Amino acid sequence: MAKGDVDTYHEDGQWKNRPEGNQQASSTHATKDEAQDRGREMAQDRGVEHVIKKQDGTIGEKNTYPRSRDPREIPG
C-alpha cells in the first residue's frame with residue numbers, strides 16, 4: 001500500500017480500518033459493510049486508495065480516490 005492508503009480487514013472477530021503506517025486500527029465494526037463504509041470515507045477524505053480484504057486476508061477489492069487518480073482505464 002502507498003503511504004496513507006486505508007486497509008479494511010478482519011481480525012479477532014471484528015472488521016477494522018487502518019491507514020497504512022498506523023500500528024493500530026482507527027475504527028472497529030461488527031460487520032464488513034460498516035467497515036467498508038467507514039474505510040471509504042477515510043480514503044476519500046485522504047485522497048488515497050481503499051484496499052478491502054476478504055475474511056481470509058486476500059485482497060477482494062481496491063478503489064482509488066479521487067477516481068481521477070486511478071491508473072487503470074477500466075470501469076469500476
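A: R18 is partly exposed, with a relative accessible area of 24% (buried means under 20%, exposed over 50% and partly exposed in between, with a 1.4 Å probe and protein chains only). The model is predicted, with local features requiring pLDDT of at least 70 and side-chain atom pairs pLDDT 80 or more, while totals for chains, interfaces and linings use all residues. Residues are numbered from 1 along each chain as its sequence is written, and side-chain values use heavy atoms, leaving out hydrogens and water.

The side chain of R18 meets that of D7 in a salt bridge at 4.0 Å, N to O (a side-chain nitrogen of Lys or Arg within 4 Å of a carboxyl oxygen of Asp or Glu). The two residues are 11 apart in the chain, D7 in strand β1 and R18 in strand β2. Helices (H or I, at least four residues) and strands (E, at least two) are DSSP runs, numbered from the N terminus.

D7 is buried, at a relative accessible area of 4%. Its side chain also forms a salt bridge with K53, at 3.5 Å, N to O. This pair spans 46 residues, from D7 in β1 to K53 in β4. K53 counts as partly exposed at 22% relative accessibility.

Another salt bridge joins K16 and E11 at 3.1 Å, N to O. K16 is buried, at 11% relative accessibility, and E11 is partly exposed, at 33%. Through shared partners, salt bridges connect D7, R18 and K53 into one network. The whole structure holds 5 salt bridges. In general, side chains of opposite charge can pair when their charged atoms come close.

Now the sheet around these residues. Its 5 strands follow the order β3-β2-β1-β4-β5 in an open sheet with mixed pairing (two strands pair if DSSP finds at least two bridges between them). At the edges are β3 (27-29) and β5 (59-64), each pairing on one side only. β1 and β4 (residues 49-53) pair in the parallel sense over 3 bridges, and V6 stands opposite H50 in β4. Helix α1 (residues 32-46) packs on the sheet, touching β1, β2, β3 and β4 (contact means heavy atoms within 4.5 Å).

The loop between β1 (6-11) and β2 (14-19) contains D12. D12 is exposed, with a relative accessible area of 68%. Its phi is near 55°, a positive value in a residue other than glycine.

Conventions
Axes fitted to C-alpha atoms, helices over the stretch in contact; angles between N-to-C directions.
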